[in-house]
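Subject: Structure handover

Hello,

Here is the structure for you to look over. My notes on it follow below.

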Amino acid sequence: MKLTVEHTSFGYKKSTPVIQNLSFTAESGQLIAILGPNGAGKTTLLRCTTGLLKWNKGISRLDGENTNQMPAKEIWKKVAYVPQARGSFAALNVTDMILLGTTSRVGVFATPGQKERDLVVQLTEELGIQRLLNKNCNEISGGELQMVLIARALAGKPDLLILDEPESALDFKNQLIVLNTMSRLVAEGICVIFNTHYPDHALSRATHSLILQKGGASIFGETSKIVTEENIKKAFGVQAVIGKTETAGHVYQSVVPLKVIKAQGTCEKVADSTQQQLALISCIITDPGIQPKLNTLLKQYETYIVSHDEKPLQKATIATITMSAPAEEVTSLAHEISVFPGVAVKTTAVPKQEAANG
Ligand SMILES: Nc1ncnc2c1ncn2[C@@H]1O[C@H](COP(=O)(O)OP(=O)(O)OP(=O)(O)O)[C@@H](O)[C@H]1O
């Protein structure tokens, strides 16, 4: 699956643009976070991307086809959209609500069979919401409804899953379940795009991020080059520090907001510096299934890789990668590996000059 959004603009009124000249690409195996302040246009962007709203300028293409010219049925065969769980939902029971998700594949008038019912049970077990199966959707909490809507989307077995603030109404545990589900789907080859108000979630999960600013400007790229203290200041008007929390097996990045300031300037991608580092990226890998994706990723960085373990991965393997590269490339590769499921990553790096001087 490949989605391309090409030089697009949108405004509800011509005089007030919400999105201006936005371009990005999303492919199978990528997890993309969309960040931006309230009212910047994140929901609007998702609705335009899926064809629910029409771009004023530019186009979205799904596997090369202009989405404006695709029958909705063809779009919804490939794409599932999870809206924010606000507003009223019909008094359907949870089982029927999730079964609705299968209609993009089995057809609206087909009667779901045992296979579809088994899928509903399997999805609710994976998401930890089996207890809700016989309840009505208007009798469950906002967070529970959010989980049900995610199950409904997954029931359609989409190639592209788009979620609008999926974690916002959820407690810590359910946030983790949803984030883990997204990471697992991406590892299985699906593309996931999600709007979020949590830069931490972008840093810990997203291969790529897009920041939308008020007024329509946007920036897209690898998360480590986009979600930076400088861009948080410019987009949100918040001085923040990106800190690190180290556990026995992993280093987690988190954003600590310090104070509100005047937002000024347009977000910028971190420029590649020329300062070279010698770096060792050590990974504890618990899921050998990531091997093909890891190989593809290492190929993208091959000009910078001095050596890496060539042995096939096994359960609980320690793999090491030695790099000679600009600091941003080291950070970027370490980040992309860290968002694979079941991987713990630690990087040790020194400037090359220092290494040469001993
Ligand atoms: N149906 C509509 N008609 C006119 N203006 C709208 C409509 N929906 C949204 N807007 C406006 O468009 C802008 C972008 O709204 P949108 O909901 O896309 O922002 P958002 O980034 O998703 O916000 P939030 O983080 O608060 O959910 C806002 O200024 C909003 O007031």
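First, a definition: two strands pair if DSSP finds at least two bridges between them. Strands (E, at least two residues) and helices (H or I, at least four residues) are DSSP runs, numbered from the N terminus.

This is a predicted model, in which local features need pLDDT of at least 70, side-chain atom pairs count only at pLDDT 80 or more, and totals for chains, interfaces and linings use all residues. Residues are numbered from 1 along each chain as its sequence is written.

Six strands form an open sheet in the order 6-7-8-3-9-10, with mixed pairing. Its edge strands are strand 6 (79–82) and strand 10, and each pairs on one side only. On average, neighbouring strands here are turned by 15° against each other, direction ignored. Axes are lines fitted to C-alpha atoms, for helices over the stretch in contact; angles run from 0 to 180 degrees between N-to-C directions.

Take strand 3 (residues 31–35) next. 5 of its 5 residues are buried. Buried means that 20 or more other C-beta atoms lie within 10 Å of the residue's own; exposed means 12 or fewer, and partly exposed is in between, with C-beta atoms placed from the backbone. Both faces of strand 3 are covered: Leu 31, Ala 33 and Leu 35 on one side, Ile 32 and Ile 34 on the other.

Strand 3 pairs with strand 8 (residues 191–195) in the parallel sense, over 4 bridges. Leu 31 stands opposite Val 192 there. Strand 3 also pairs with strand 9 in the parallel sense, over 4 bridges. Here Leu 35 faces Ile 211 as its opposite residue.

Strand 9 (residues 208–212) and strand 10 are antiparallel, with 5 bridges. Leu 212 has Ser 218 of strand 10 as its bridge partner. The hairpin of these two strands has 5 residues between them, and Gly 215 takes a positive phi near 100°. Strand 10 (residues 218–222) is largely enclosed by the rest of the structure, because 4 of its 5 residues are buried.

Tyr 81 has Ile 162 in strand 7 as its bridge partner.

Another open sheet has 4 strands in the order 2-1-4-5, with antiparallel pairing. Strand 2 (19–27) and strand 5 (65–66) are its edges, each pairing on one side only. Helix 1 (residues 42–49) packs on this sheet and touches strand 1 (2–10), strand 2 and strand 4. The helix direction makes about 120° with that of strand 1. Contact means C-beta atoms, placed from the backbone, within 7 Å.

Strand 4 (residues 57–62) and strand 5 run antiparallel, joined by 2 bridges. Arg 61 has Asn 66 in strand 5 as its bridge partner.

**The ligand**

Which residues surround the ligand? They are Tyr 12, Val 18, Gly 36, Asn 38, Gly 39, Ala 40, Gly 41, Lys 42, Thr 43 and Thr 44. A residue is near a molecule or strand if its C-beta atom, placed from the backbone, lies within 6 Å of it. By class, the shell has 3 nonpolar, 6 polar and 1 charged residues. Ala, Val, Leu, Ile, Met, Phe, Trp, Tyr, Cys and Pro count as nonpolar, Asp, Glu, Lys and Arg as charged, and the others, Gly among them, as polar.

**Val 241**

Val 241 lies in strand 11 (residues 238–246). Val 241 is exposed, with 11 other C-beta atoms within 10 Å. Not counting residues up to four places away in sequence, Val 241 touches Glu 229, Val 256 and Leu 258.

Best wishes

Notes
Contact = placed C-beta atoms within 7 Å.
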